[in-house]
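Here's a quick tour of the model on screen, covering ring pairs, a strand crossover and pockets. Have a look at the structure before reading on.

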Amino acid sequence: MTVGQDGVTAANLFDTQTTPDGTTALAVPGAALVAALSGEARIHFDYSRWLPLFFSLLSPVVIGHAQLHRNIENFMRDRPVRIAVSTLTGIELPTVLGMTMFGLRPIPVPGLASVTDAIAALRDNQVDVIQILDPQGSAETRTAIEALSHDGYPALFSLTDSVPLEIGGQRVPFMHDVLLRENHSALSSLLYGAWTALSAAAALDIGLVLPMLTPPTLVAEWRHACDLAIDSTDIRTMASGTGRKLLDATACTGPLRQMAGDVTSIMALRRWLSTHLPDWRMG
């Protein structure tokens with residue numbers, strides 16, 4: 001019953017107070033995993049030990065000024081880019097880090113958590129880039145994104161290729177493909193490994209998991225129930241209509257491993273954050 005703003009509270013309680021007796025599962029959003037990757041002090045859970053039952057994945061999209069789109073293609077190094085974020089280490093962190101991958105200088109602008117606020121800030125020239133987590137989740141969001149495209153604010157890329165995106169009649173490229181074309185050397189960096197984990201975590205719409213050491217027979221019952229739910233007509237219609245990719249327990253293994261990242265890359269991410277957070281906090 002206690003979720004908190006980004007799922008961290010529930011995840012902490014799940015890891016510290018849940019008995020692995022098969023009676024309690026956790027529904028967790030990607031924001032909690034992004035917070036864990038960033039090394040926030042309030043994190044007391046280890047999601048790499050959870051037993052996945054079901055994942056719903058999104059393809060978050062990054063939108064910016066048309067001028068920035070041209071700058072990315074021309075690879076203008078160290079150009080400052082203002083990015084709308086909820087908090088400095090919030091769900092938009094993969095977009096902030098992604099701009100570094102292109103050689104740009106990200107400047108997070110916090111306090112813009114909603115789609116409406118982010119779009120308004122972009123149109124008012126308060127920011128240069130926004131990240132929309134759930135671009136196909138509602139008719140209002142889809143309409144707003146199409147309007148941005150027509151008004152000179154194109155989609156720069158999607159964070160993942162979980163669900164193909166088309167905006168303004170054009171296929172939205174996956175960031176990996178854009179980076180491969182514009183700055184392929186970044187693909188071998190430790191920060192790219194961290195970005196891969198962050199983007200995979202941010203793309204988690206919701207994950208249903210059990211604690212480690214849950215009896216195998218009960219795990220099997222949960223997984224069977226989730227398989228039945230995924231195969232239901234209503235759930236599949238909802239998923240296809242709102243840009244979600246549904247994964248059963250077996251298919252969750254690879255994405256969960258990607259969301260966890262590797263120790264070396266995560267340490268590089270935290271060093272990068274420790275270097276930049278003081279300047280970001282000063283505005």
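Predicted model: local features only at pLDDT ≥ 70, side-chain atom pairs only at ≥ 80, totals over all residues.

Residues are numbered from 1 along each chain as its sequence is written, and side-chain values use heavy atoms, with hydrogens and water left out.

**Aromatic pairs**

The structure holds six aromatic pairs. Rings of Phe, Tyr and Trp (its six-membered ring) pair if their centres lie within 6.5 Å; planes under 30 degrees apart are stacked, over 60 edge-to-face, and the rest tilted. Phe45 and Trp50 have ring centres 5.6 Å apart and planes at 20°, so they are stacked. Both Phe45 and Trp50 are buried (under 20% relative accessible area with a 1.4 Å probe, protein chains only). Ring pairs also tie Phe45 and Trp50 into a cluster with Phe14 and Tyr47.

Then there's Trp272 with Trp280, an edge-to-face pair at 5.5 Å centre to centre and 75° between the planes. Trp272 counts as buried because its relative accessibility is 9%, and Trp280 is buried at 9% relative accessibility.

**A parallel strand pair**

Strand 4 (residues 80–84) and strand 5 (residues 105–109) run parallel and are joined by five bridges; strands pair if DSSP finds at least two bridges between them. Helices (H or I, at least four residues) and strands (E, at least two) are DSSP runs, numbered from the N terminus. Ile83 stands opposite Pro108 in strand 5. From strand 4 the chain passes through helix 4 (residues 93–101) to strand 5, a right-handed β-α-β crossover (clockwise from the first strand over the helix to the second, with the strands pointing away from the viewer).

**Pockets**

A pocket is an open set of points on a 1 Å grid over the protein atoms alone, where a 1.4 Å probe fits, with protein on both sides within 12 Å along at least five of seven lines; lining residues have an atom within 4 Å of a point. Volume is the space filled by probe spheres set on the points, which are joined across faces, edges and corners.

| Largest | about 610 Å³ | helix 2, four residues |

Of the 30 residues lining the largest pocket, Ala31, Ser86, Ile91, Glu92 and Leu133 are closest to its centre. The second largest pocket has 17 lining residues, with Thr160, Asp161, Ser162, Ala200 and Gln258 nearest its centre.

Terms used: Buried < 20%, exposed > 50% of the residue type's maximum accessible area, 1.4 Å probe, protein only.
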